[in-house]
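Please examine the sequence and the structure before reading each solution.

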Amino acid sequence: MKNILQVLAVLLAIGIAPALGQQQYPYPDRDRDSGYAQQQTLSPDDQREFNKEYGKWQDANQRNDRDDIDKHARKMEDIMARYRIPPDTPFDRIATSGGNDRHYDVHEYQGRFSPEDQKKFDKAYEHWMSHRNGHDRDDAARDENHMQEIMARYQIPRDVPYDQLASGSRGYER
């Protein structure tokens, strides 16, 4: 009888453990939900409103204006809730790059990196180009993530072209 209870306890633990592990992981699986925001279609008016709030939210982040950041985030979250988009979906997955979003001059972001970060960015950019040309998706993705991390530290939008930030022949210290 004791052995049967032990076997049942082990089987129960094996069956419950994976379910508990999934609930404790706070971030969605990248592969599973990567197309989620694209599957949700906002009405044109809501998409325009979302893009407008997203641009204002980005501006507020650059100014580090906490009140404005919260105000614009709440407005975007309200739109997301109407379409039953999970609240942990990043805003940039919903914002579109149509004609209604923010426009900026990429030159305003050039030369922002510290000399150390510029060297790291340039190295990651060179590797990224090499891996892309060699069709090595895994390494190219790793290099791109590294460049995005550096850009995030300097609050540079994700859609600024990498070649505009790499030193290249612009005379930045390498």
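**Exercise 1.** Determine what share of the contacts with a separation of 6 or more joins residues 24 or more positions apart.

*Solution.* A contact means heavy atoms within 4.5 Å. Of the contacts in the protein with a separation of 6 or more, 66% are between residues 24 or more positions apart. The model is a predicted one, in which local features need pLDDT of at least 70 and side-chain atom pairs count only at pLDDT 80 or more, while totals for chains, interfaces and linings use all residues. Residues are numbered from 1 along each chain as its sequence is written, and side-chain values use heavy atoms, leaving out hydrogens and water.

**Exercise 2.** State how many helices and strands the protein has.

*Solution.* Helices (H or I, at least four residues) and strands (E, at least two) are DSSP runs, numbered from the N terminus. The protein has eight helices and zero strands.

**Exercise 3.** Describe the nonpolar cores of the protein.

*Solution.* First, buried means under 20% relative accessible area, with a 1.4 Å probe and protein chains only; buried residues form 28% of the 174 residues. Next, a nonpolar core is a set of buried Ala, Val, Leu, Ile, Met, Phe, Trp, Tyr and Cys residues joined through side-chain atoms within 4.5 Å. In the largest, of 15 residues, Phe121, Met151 and Leu165 have the most contacts inside the core. Helices H6 (115-133), H7 (137-153) and H8 (162-165) each give two or more residues to this core. A second, separate core has 11 residues, including Leu42, Met76, Ile85 and Phe91.

**Exercise 4.** Is Ile4 buried or exposed?

*Solution.* Ile4 lies in helix H1 (residues 2-24). Exposed means over 50% relative accessible area; Ile4 is therefore exposed, at 51%.
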